[in-house]
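Read it alongside the sequence and the coordinates.

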Amino acid sequence: MLHSKASQWQNILIIFLCILVQFCSPVNAAIKPDIGALAFSFDLGNVQLSQDRFLDNQGRTLNYLKDIDVERLLYVFRVNHGLDTQQADPNGGWDSPDFPFRSHVQGHFLSAWAQCYAVLGDQTCYDRATYFVAELKKCQANNKASGFTDGYLSGFPESDFAKLENVTLSNGNVPYYAIHKTLAGLLDTWRLVNDTTSRDVLLSMAQWVDDRTTSLSYDKMQEILQTEFGGMNEVLADIYHQTGDDKWLTVAKRFDHAAVFNPLAGDKDELDGLHANTQVPKWIGAVRQYKATGDSRYLDIARNAWKINVNAHTYAIGGNSQAEHFHAPNAIAAYLTSDTCEACNSYNMLKLTRELWLVDPENSAYFDFYENALLNHLLGQQNPDSEHGHITYFTPLNAGGRRGVGPAWGGGTWSTDYDSFWCCQGTAIETNTKLMDSVYFYSDSTLFINLFMSSILLWPEMGITLKQSTSYPVSDKSRLEVSGSGNWKMNIRIPSWTSDVVITVNGEVLSNVQVSPGSYAQISRSWTDGDVVEIHLPMRLRTIVANDNSSMAAIAYGPTILCGNYGDQVLNSIPSLALDSIHRMDDSDLQFTSLADDKNVPLSAFYDAQGYNYNVYWAITGSLPTEN
Ligand SMILES: *[C@@H]1O[C@H](CO)[C@@H](O)[C@H](O)[C@H]1NC(C)=O
Ligand SMILES: *[C@@H]1O[C@H](CO)[C@@H](O)[C@H](O)[C@H]1NC(C)=O
Ligand SMILES: *[C@@H]1O[C@H](CO)[C@@H](O)[C@H](O)[C@H]1NC(C)=O
């Protein structure tokens, strides 16, 4: 195959850039391998997004990360630990000086800056992460003068833990939730930036957790675990992976919440009524504990939780929960309100999905879900009109819902630079700085392609660069160009919603490769520099019927959930959609015509539905056109 001069130069440039990025991001590898892992992720710096919808989201979040006043973010830590606030203004919203779990959001900023540096080698993000940790270290060092015990680090007093430990004193705070975020941010700054101050502050803080919990009885701990505590079991298991010190597994185990784990271990769905995002981090902790201990009960808990949540509690867009809570199994149409699908839950479900897939990489269903939640929930959570990538807390699914309007965090209002700092704002800055982290994975000499996104992968162990070019999901094709040669296998996820898939290599249809929806197409060959793989995943209209009412459904085209555009019109009830009226207008974008309540209603990609009233779930009549 002949190369044009331009593409040769492009490849050389790409390899050079990737080597540069590699060189600037010294990832600090874990000491303990993950037990049971059969596939592995690439270092963040080895995958770069190319121009597309995802890269735009990343850019807006980067603007915010580089613009936000770091001194204001330090305010609550400095005040609490008796240091000068440097005349900075305090923040508002969930970081204001009187908000109970203030200081929860800073850990998200640390993780996001660390990811920004790991992905892009960005100096501003590096400087911000390392400065912030150095300032946190000063706060921690002033503990004696502030009356706190060694290692403590937070924006609220340590006495909140005495209140948590004694029910009669409870003030309703969720202090471990905030502590978890700080620990996770420090851990990311240690492992992605290789900042040793982060390691020291982290281990001292983790030691504080050990000291605080070591003398509490099992029953007392279980009582404490009734209060939201984030992913304490997860981060402590990760500290074990990073240090190799068994002690952290003992501390992690103290955060095993029996009332939630026991039914899940027995594959029982007892989620009804539970606060949803309090649970998902515990499940991630369970799979991390499995990978640390090999105890399969942890894996059962995490797998069952995933299956139960995805099958019985998840809306068509991949999100779960209403008013932050789980309801009865399959209650979907019953709860189409403006406060559906808290974004943190999907951020956490993506983490859980990835962890589970890594021990089960034959199972493409995990990435069918991953693609759905990322594309249809989290991508559109961000406001494309906001230079700083502001987001909504919930994604409304009521008839005529709209992102970015509604009361406080009860509807869907956009976040702000300094006056919101909700949990979902924190998880969104993480999401939008690691959008590329699950496109590719490897296992020995097998490369997995799990997502279709324009991107460039550097696979140094195999001397391979892979360039993926696509406008998916607008287009149903993706093109992969290989630079470098050698014998290896390419496993391409074939989504379960497609059919009649065609894969070609250098223009020739592969005859000896099994290509079935809901599995991986496996191409083993001796690759030659310049080989081109083209994947055609035909898309069709499909309905995603509500589990609890077969007359109600959302509409998808291939992987993309479509919604009706109602402009500023208010809807008082669920519109009735004539399925046979839906037609795509043009191959170049995702615009469809339809008839709903006998009126013309344009349908388009839900991830682009910002700035107007939309409808996602319909009362359906008739059937989809046979040719679509
Ligand atoms: C990480 O930092 C340590 C201590 O400064 C250094 O010895 C080590 O080489 C660094 N690791 C990488 C991968 O750069
Ligand atoms: C809890 O606090 C109450 C009120 O101060 C006190 O009387 C009680 O002894 C405490 N219980 C424990 C177990 O510390
Ligand atoms: C199911 O949905 C249809 C269409 O919205 C509605 O008319 C019907 O009452 C619903 N059934 C139940 C049991 O809620």
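UniProt, in an unreviewed entry, places the feature "domain: Non-reducing end beta-L-arabinofuranosidase-like GH127 middle" at residues 446-539. The model shown here is predicted.

**The annotated span**
- Residues 446-539 are 55% strand and 0% helix.
- The end C-alpha atoms of this span lie 27 Å apart.

**Ligand 2**
- Asn-166, Thr-168 and Leu-169 are the residues around ligand 2.
- Asn-166 places a polar side-chain atom 2.2 Å from an oxygen atom of ligand 2.
- Thr-168 also takes part: an N or O atom in its side chain is 3.2 Å from an oxygen atom of ligand 2.
- Ligand 2 exposes 360 Å² when taken alone, and the protein buries 25% of that.

**Ligand 3**
- The residues around ligand 3 are Asn-549, Met-552 and Ala-619.
- A polar side-chain atom of Asn-549 sits 2.3 Å from an oxygen atom of ligand 3.
- Taken alone, ligand 3 exposes 360 Å², of which the protein buries 35%.

**Thr-182**
- Thr-182 belongs to helix 8, which covers residues 175-193.
- Is Thr-182 buried or exposed? Thr-182 counts as buried because its relative accessibility is 2%, and the cut-off for buried is under 20%.
- Leaving aside neighbours within four places in sequence, Thr-182 is in contact with Phe-77, Ser-103, Gly-107, Leu-153 and Met-205.

Technical notes
Residues numbered from 1 in each chain as written. Chains lettered and ligands numbered in written order. Predicted model: local features only at pLDDT ≥ 70, side-chain atom pairs only at ≥ 80, totals over all residues. Heavy atoms only, no water. Helix = DSSP H or I, 4+ residues; strand = E, 2+ residues; numbered from the N terminus. Buried < 20%, exposed > 50% of the residue type's maximum accessible area, 1.4 Å probe, protein only. Contact = heavy atoms within 4.5 Å. Near = heavy atom within 4 Å. Polar contact = N/O pair within 3.5 Å; in protein donor to acceptor, adjacent residues only side chain to side chain. Areas by Shrake-Rupley, 256 points an atom, 1.4 Å probe, with all protein chains shown as cover. UniProt positions renumbered as here; feature names shortened; annotations may be inferred.
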